[in-house]
Each structure stands twice: as structure tokens, then as C-alpha cells.
Amino acid sequence: MTCFTTLTSKIVPLPVDNVDTDQIIPARFLKVTDKAGLGDNLFADWRYDAEGNPKPDFVLNRPEMKGRQVLLVGDNFGCGSSREHAPWALTGYGFRAVISTSFADIFRNNALKNRLLPVIVDKPTHQQLFSLCEEAPDFEVTIDLAAQTLTLPDGRAVGFPIDAFSKACLLNGVDEIGYVLRMTDQILAFEAAHHK
Amino acid sequence: MNDRPRTLFEKIWDAHVVAQEPDSPAVLYIDLHLVHEVTSPQAFEGLRCRGLKVRRPDRTFATLDHGIPTHDRRLPIVDEMARKQIEMMERNAAENGITLYGIKTGADKQGIVHVIGPELGLTQPGMTIVCGDSHTATHGAFGALGFGIGTSEVEMVLATQCLLQRKPKTMNVRIDGALKPGVTAKDIILGLIAKYGVGAGTGYVFEYTGEAIRRLSMEERMTICNMSIEGGSRAGMIAPDDTTFEWMAGREFAPKGADWDRALAYWRTLPTDEGARYDAEISLDAGALEPMITYGTNPGMGMPITGRVPDPDQVGDPAHKAALQKALAYMGLRPNQPLLGHPVDVVFIGSCTNSRISDLREAARLLKGRKVKEGLRVMVVPGSAQVKRQAEREGLHEIFLAAGAEWREPGCSMCIAMNGDQLEPGQYAISTSNRNFEGRQGKGGRTFLASPLTAAASAITGVITDARTLLQ
């Protein structure tokens, strides 16, 4: 399993609050039985017109945005449905980190399990990042997971929270299911004692 | 350690921790795992790659709901991808010894996963219940801890019957007062989310308390818990009481005889202790509520049905203002316009929020002896095969058909619009479902969320209508 250590990238700004997972990947694309190819339909209804042509004014369709690995979004990103197809679409497209002030709980869990790093920043930093995207859109940020820092172009390193377990799993490529499978004796003991 | 007063949530959590290592999430045991065709294929494939079978098929139950057509089930499924997904569910269930309520097997009990769990008696107080679906919060109405999970977590539960979980915080959601006539449980939850927003519950489990909640039936409680996720909370719970136990007694998987007595004694210990502390508290006066309707593109953009659409120019916060402008542009609505009298193209009565027998009775109460407005499409989609049979025993289907509505087979249908039941671009729907996101009911479709009463009233007039004007 691949690890997440550091990442330096330019930013794709999407200044919309409460982006729900139906926008990230509309339900009609959930009929797949594998995880491949969802990146092509990331934000499909914002990205393509009725004929399937890219809408030039949508941020992902601007040529200079190609290859950028960090997405900057508004509050409460990933609300709504529990579909893991949302992080599959984001990573399938090439994103490795999403920056916001807050993430919906289920999306956040799903992202971490797909090595897509949710980076939570405070309101002033969030606003500063969006302002920078307007003023100097080609700046780079560096995300250092071990240090839990996001480094801005002015050199300021902003801390971000992540629980110790998720961090260790990302840094070391831990297989969480394998981790729990090794607890089989404890699970058996629990089942024997469980009231039902 | 257990002498400290605890909340309902804490009691269930504590009873299910298999292991808790320092700086790690708890290993939480899962009593009931509900599975459907759309979020499980990759999980079963993962299991296969590990050379594993489902650890506890006896605690795993599957249904077909999200992608299944709601027309005549004897017809072939024309959507190739949906058919393949359904066949994979059938194969995965058969290979792992999981009971499947589907087309070829268990069709008499098939239905929306959050409708059949309770009606089969699988959902019980004190349980931990998960499903790869965010509306698993529904099961909290029974005093269970139910929450939605992603497909990686589905694989984890299939493999281990456990989940790695960080303990969420608790929020007391106090609903007092008495509902006025024509105001329903759906209006309580839409009113709550309109008041506190779609992110208020992030990081929390809701416990709904207060006299208004105590007076609600189980089906009304399920409607409220169902939409906890729309308020940002993964789980919403209501302490079990005699209403809960009476509803459960005799159901297929509910305990029987001495087992029932033993279970009942345990269930009565579950309600939150006097003096237990919540991490946060919010409240709502049910007595002040009007029927609610949404005007925007998230469930928090709701208002009393007699109100006017908010004006972005009156919103100070720039992000909120931009969100409102974007929503009104998508919805094709003007600031300050009333919604009463706004035309609709489709009425959808169904979904895990409002497709139970009491919802259909409410809708039928209004539609009886009346006609659906000409040119309007009205879909009534029962939540399960059992709900459908009950409705037909009561003659409700005849009321719907005589009015000019469609009476369909059970499934998620136009709530998620991935089975062909969908809006055309630009169409307006009034819907008893739970999400009004852009394109949720079909690309370019526009959704007004409301109660079954409001939906049925609007079906008669073809415009958004306050049901109280039609109720005798």
C-alpha cells in the first residue's frame, strides 16, 4: 500500500460551501462494480455541459489547473451520501489532498482510507489561501504529514489536526483491515461474552 | 466504572468496545450489518482478494434497493450496469451464505434497507448497526447506534464484524411542544435543519429528547432519525420506550418468549440516566412549527410553506450570500417570492424517509376521492414489499390509482434517481425524500423537499400547496 509523506503542489480553488458527494460524483456513476475510471466524472454536472463537452468556466477545465494535486474548498466538504466513490473520483482524477475548514464525518473517514488527506485549516488561513488563488494563482503549498504542517508561499507553516492512528496508517501504509484481523482472539472473546 | 450517569449513546458504545489501545480508535463490535447492491461490490471483491469469507453471515442481511427498477419485476433489467450490479449482489450473498431480500430470493420482503431492517425486527434497541448508506441513522429511532459507512468500512465489517471508530461527541436535541394539525415529523426535522444548518452535527451523535419526541409513533421517529445526516450527524438516536417495544413485538427477528423478556429488561436500562452530560445541546419548539418546504439546494435551505424565499442581499456573510445566489439560480427562484402556488412537474412519495405505511395513509387521506392535476406525474413508491402488501390490503393503491398516480414496486427510486426513475432537466419535483442537492433526482432536476401531506396536496393542485387548506 502506498504511503503519504509530503506533497508539494499548486492549488485548484473551488470556493463553494457544503459541497455534497452528489456533486463530487453523481449517483448515475455509482453503477460500477470496481473503483476505476471515476476521475473522469469527478464533478461531472459542474464540469460538462448537456452534450458532455467541458464547460470552459469550471475550474477543473482551465488548462493551467491540469496536474494540480491539492483541492481547496469551502466549509463542510463532502456532506450527504456515504458513497466512497467520492474519494475514488477525487484520487482517480489525481488529487491527493483537500483543504477546508471542515469535512463531513463519513467523507473524512472515506478519504483517509484512500490516502486522500483532509487538511483542516482555520478560517483566516482558509481565506488567505483563497485570496492567494486570486492574486497569484500559481503558488505552491507543501503538506508535510509527519510534521502536520501546511507551508504557505510566505514560508508560514500552519499546523493541521489528524488523529495519531490515521496519521500512522497514512505514513506507513498500514492495512487497517489486516490490523483488526490480527485481533481475532479478542473478537472471539468479545462474542462469547456479548449478551446476544 | 458504570456507576457514572451515562447517555444512551455511551451505554451502547461501552457495551461494544472490543479493544481500545492508547492513541487508537476503538475496535467496535457491529451487531447488524445491512448490505445493498451499490456500495458493496468493491468490498466483496476486497474480501475475495484476501481469500476471506464473510465472518458473520448470520449478522449480515442484504437487499436490492438503490438500483432496482420499480416497474414490473418480471421484466428484464435493461440497464446493463445496474443488472450486473444486482447479479453481483446475488452472487456475493450466495457465496457467503447471506440472506438476500431481492428479486429471485426473498422478494416478499425486499425493500429499502432502512425500511426492511425495522419491519423485520432485525433492528433492535442497544444494537450497533451499520450499512454502506448514510441514512442508516434511521435505525437510531429504536435506541440503536446506527450509522453509515463507506465501502472500505463495509469490507472491514464483512471481514471482522468490527469497525475502527473514534468516539463521537453527543448532542442533546431537545424537541418540546405539541405539533399543530397538519404539521408532521418531517416538518420537525426540516425545521431543525433549517434552524441549525447542514453542518451542525458534524462530529456528534444526536439524541432526540423532549415531550414532542415521546409522543411520536415509531414511523415518525424513523423519519426524524433518518435525516440526522442532513444535519451533519452520522447517527441520531431516540431512547426506546413502550412505543418502541409495542411496535417491535412479534416481528420476524424480534426475540420471542423468555428471550423477549430478557431483552426487554435490558432495553429498559438503555435510556439516558438522570444527570448524564451531553457535549452540546440544541432545541426546537415543535409547537411553533408550520409545514416546512425547502427552496434551495441543500436540506438546510428550508422555510415555512407560507414563507418567502430569502433575499441574498439581506445576507451579511459573503459565503452564505454566494451559496444562496447559486442555489436560487439553480432552482430558478427569485428573492422574496412565495413558494405557495409554484408549479411542479412531478410529485414523488417514497424514500427511506417517508415510504412507510403511515406515510402512504397520510397521502391517501388527501387523495381519496380526488384527482391528480392533469399533466402531473405522481409516483407513489412503497418502501418495501411488506408495506406494499399492507397498503393493498387497506385499498390505498386503489385510491392512488383512481386519483391518477403511479403505484410502483418498492425501492429507492427517484430519491437517488439511479434506476431510471428521474426528473428531466429543468423539471420541478415536490418530494418526500431527504436530499434536494443539485441533480439529485436527475440531472438538472429541481427538488422541493416536504412531508407526504404537502406532497399529496400539491399532487391535487399541481402547485405547491399548504395541505391544511385541503384537510377537513
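## A strand pairing in chain B

B:Phe348 stands opposite B:Met379 in strand E16 of chain B, in a model that is predicted, where local features need pLDDT of at least 70, side-chain atom pairs count only at pLDDT 80 or more, and totals for chains, interfaces and linings use all residues. Residues are numbered from 1 along each chain as its sequence is written, while chains are lettered from A and ligands numbered from 1 in the order in which they are written.

Strand E15 (residues 346-349) and strand E16 (residues 377-380) of chain B pair in the parallel sense over 4 bridges, where pairing requires that DSSP finds at least two bridges between two strands; helices (H or I, at least four residues) and strands (E, at least two) are DSSP runs, numbered from the N terminus. Together with helix H12 (residues 357-367), E15(B) and E16(B) make a right-handed β-α-β unit, right-handed meaning that, with the strands pointing away from the viewer, the path from the first strand over the helix to the second runs clockwise. E16(B) also pairs in the parallel sense with strand E17 (residues 406-407) of chain B, over 2 bridges, and there B:Glu406 is the bridge partner of B:Met379.

## B:Val380 and the nonpolar core

Apart from its neighbours within four places in sequence, B:Val380 is in contact (C-beta atoms, placed from the backbone, within 7 Å) with residues including B:Ile349, B:Leu360, B:Ala363, B:Glu406 and B:Trp407. B:Val380 is also among the residues with the most contacts inside the largest nonpolar core, which has 197 residues, and A:Val98, B:Ile188 and B:Val347 are others of that group. Such a core is a set of buried Ala, Val, Leu, Ile, Met, Phe, Trp, Tyr and Cys residues joined through C-beta atoms within 7 Å, buried meaning that 20 or more other C-beta atoms lie within 10 Å of a residue's own. The largest share of this core, 7 residues, comes from H6(B).

## Domains of chain B

An automatic or database domain assignment divides chain B into domain 1 (8-165), domain 2 (169-288) and domain 3 (293-469). The C-alpha centres of domains 2 and 3 of chain B lie 24 Å apart, and their contact takes 15 residues from domain 2 and 17 residues from domain 3. On the domain 2 side, helix H6 (185-196) and helix H8 (218-226) of chain B are the elements that give two or more residues, and H6(B) gives the most, with 5 residues.

## Where the chains meet

Between the chains, 44 residues of chain A are in contact with 53 residues of chain B.

Terms used: Contact = placed C-beta atoms within 7 Å. Buried ≥ 20, exposed ≤ 12 C-beta atoms within 10 Å, placed from the backbone.
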